[in-house]
Amino acid sequence: MTVQSKNNAIDLLLAESLKEIAITKPIEKITIREITDRAGVIRPTFYNHFQDKYELLEWIVQNDLIDPMEPFIRRDMLKEGLTMALKNMEKEKSFYIQAVHLEGQNSFSDILKRASRDLILRYMQGKLNEKVNQYEWLTNEKIADFYAESISYIVTTWALESMKIPENEVSDVCVYLYGHSIADVLNSDKGQG
């Protein structure tokens, strides 16, 4: 399911409510009633906007992380886009550190992976008018999956480690890994960098 951010007042209110509750309570244990009570709206209002709390979490990831990255990605500025997303996570550190602990079918990692994949596919569509890859197996979808998987891994691991590393350094590492082979990375301490 792809969630497009709408940025209307109710969506923002429900998102803030979930974020506030999630700081002290695991997301999987939060009820819709708790979200709506904190937001000051009735339950049907929630369901007019979101199917469940996981769709709301998807909306938060899209709105906070993916949408701000997209203009940078479209300009081939991965480092800046990733840094922007990480800074947005850092602003709401308590929420995101809790969110990355969400596991299972609707895990934060999977939500981020799907949203990143969609972003990468949109980027690729803007760059490629026809298939230029020499390997039939290596489709745009598989390429997007590869990069989305790695972005999700890096971002989730960073948050699981309490965001101790500065955003710029995490972005630098990501860009470095994408631009170098395993051999380059292993030999980087020998004067290469």
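Helices here are DSSP runs of H or I, at least four residues long, numbered from the N terminus. The model is predicted: local features need pLDDT of at least 70, side-chain atom pairs count only at pLDDT 80 or more, and totals for chains, interfaces and linings use all residues. Residues are numbered from 1 along each chain as its sequence is written, and side-chain values use heavy atoms, leaving out hydrogens and water.

Start with the loops. S162 is in the loop between α8 and α9. Its phi is near 65°, a positive value in a residue other than glycine. Most residues other than glycine have a negative phi. D76 sits in the loop between α4 and α5. Its phi, also positive, is near 60°. At 48% relative accessibility, D76 is partly exposed too.

Now the core. The largest nonpolar core has 52 residues, and I35, L56, M89 and F108 touch the most other members. Such a core is a set of buried (under 20% relative accessible area) Ala, Val, Leu, Ile, Met, Phe, Trp, Tyr and Cys residues, joined through side-chain atoms within 4.5 Å. α4 gives the most to this core, with 10 residues. I35 has contacts (heavy atoms within 4.5 Å) with residues including L14, F46 and L56, leaving aside those up to four places away in sequence.

Finally, the helix pair. F108 belongs to α7, where residues including F108, L112 and M124 meet α8 residues, among them I143, Y147 and V155.

Key
Helices (H or I, at least four residues) and strands (E, at least two) are DSSP runs, numbered from the N terminus. Buried means under 20% relative accessible area, exposed over 50%, partly exposed in between (1.4 Å probe, protein chains only).
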